[in-house]
Amino acid sequence: TRTAVMGKQIRGQRKGRGSVFKSHSKHRKGAVQHRALDFAERHGYIKGVVREIIHDPGRGAPIARVVFRNPYKYKLDKMNFLAAEGVYTGQFIFAGAKAQLKIGNILPLSAMPEGTIICNVEEKQGDRGKLARASGNYASIVAHNLDEGTTRIRLPSGAKKICKSTCRAMIGIVGGGGRLDKPMLKAGRAHHKYKAKRNCWPKVRGVAMNPVEHPHGGGNHQHIGKASTSKRDAPPGAKVGLIAARRTGRITGGSDK
């Protein structure tokens, strides 16, 4: 016999089903990634040209449509690259181990000196770009370890990460920076912003709900009434608030950037 379960599915559980929570991808321009790693990029370079710079709905960063000649067949390969700040239409983009150190070019980390500003960095060799991809973001090369073939990079969050030196990255910072400097000012602008992304706005606070709808709901005043943290392996209906928090409270003291 099943025991009666109190409460109902919370919003976080409903999101897993998709339905109205699916991303709005109808007008998106396709995956933004580096070329598939091939002989030309490993041992020399390949030249492409920026045909146009376009907006991708739901993405703050502009996209550069880059056209390469296919090295094996008589055809053109059209790629969507992140547009680094300063990239323009008609510009030649060079990708490969022997490409020049210029904004917009794609090189392996081993070919870049320490201190180079990079974006759209591969996490593992050949994954075509995973790190530092949001508008205005960049990573920087901290140090090379030649013995182990690894490179230490500083991510936009300030965290340091060690990647293989064969991972590729684009030189420069992602275009569309300063996007968050202008305040939203009114709800209508937030509405249109998130309309292009997915159904995640407006967000009702848990304490404003009834006990049946959220673990933080209910009570004669809007208060959580229990610890705001929850453990990593909490069951789906109880996994709310600060999940697996290492620390809580205000961040005090200077930053170590």
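Phe81 is in contact (heavy atoms within 4.5 Å) with Val32, Gln33, His34, Arg35, Pro62, Ile63, Ala64, Val66, Phe68, Ile93, Ile106 and Met170, leaving aside residues up to four places away in sequence. The model is predicted, and local features need pLDDT of at least 70, side-chain atom pairs count only at pLDDT 80 or more, and totals for chains, interfaces and linings use all residues. Residues are numbered from 1 along each chain as its sequence is written, and side-chain values use heavy atoms, without hydrogens and water.

Phe81 also belongs to the largest nonpolar core, which has 21 residues; Val50, Val66, Phe68, Phe81 and Met170 touch the most other members. A nonpolar core is a set of buried Ala, Val, Leu, Ile, Met, Phe, Trp, Tyr and Cys residues joined through side-chain atoms within 4.5 Å, where buried means under 20% relative accessible area with a 1.4 Å probe, protein chains only. Two or more residues of this core come from each of β1 (46–54), β2 (63–69), β3 (76–82) and β4 (92–95), strands being DSSP runs of E of at least two residues, numbered from the N terminus. Strand β2 gives the largest share, 4 residues. Another core, of 16 residues, lies apart and includes Met112, Val121, Ile153 and Ala169.

Strands β8 (residues 150–154) and β9 (residues 160–164) run antiparallel and are joined by 5 bridges; pairing requires at least two DSSP bridges. Thr150 has Lys164 of β9 as its bridge partner. The two strands form a hairpin with 5 residues between them, and Gly158 in the turn has a positive phi of about 100°.

With a disulfide defined as two cysteine sulfur atoms within 2.5 Å, the count is 0. Cys119 is in no disulfide, the nearest cysteine sulfur, that of Cys163, being 14 Å away. Cys119 counts as buried because its relative accessibility is 0%.

Note on methods:
Buried means under 20% relative accessible area, exposed over 50%, partly exposed in between (1.4 Å probe, protein chains only).
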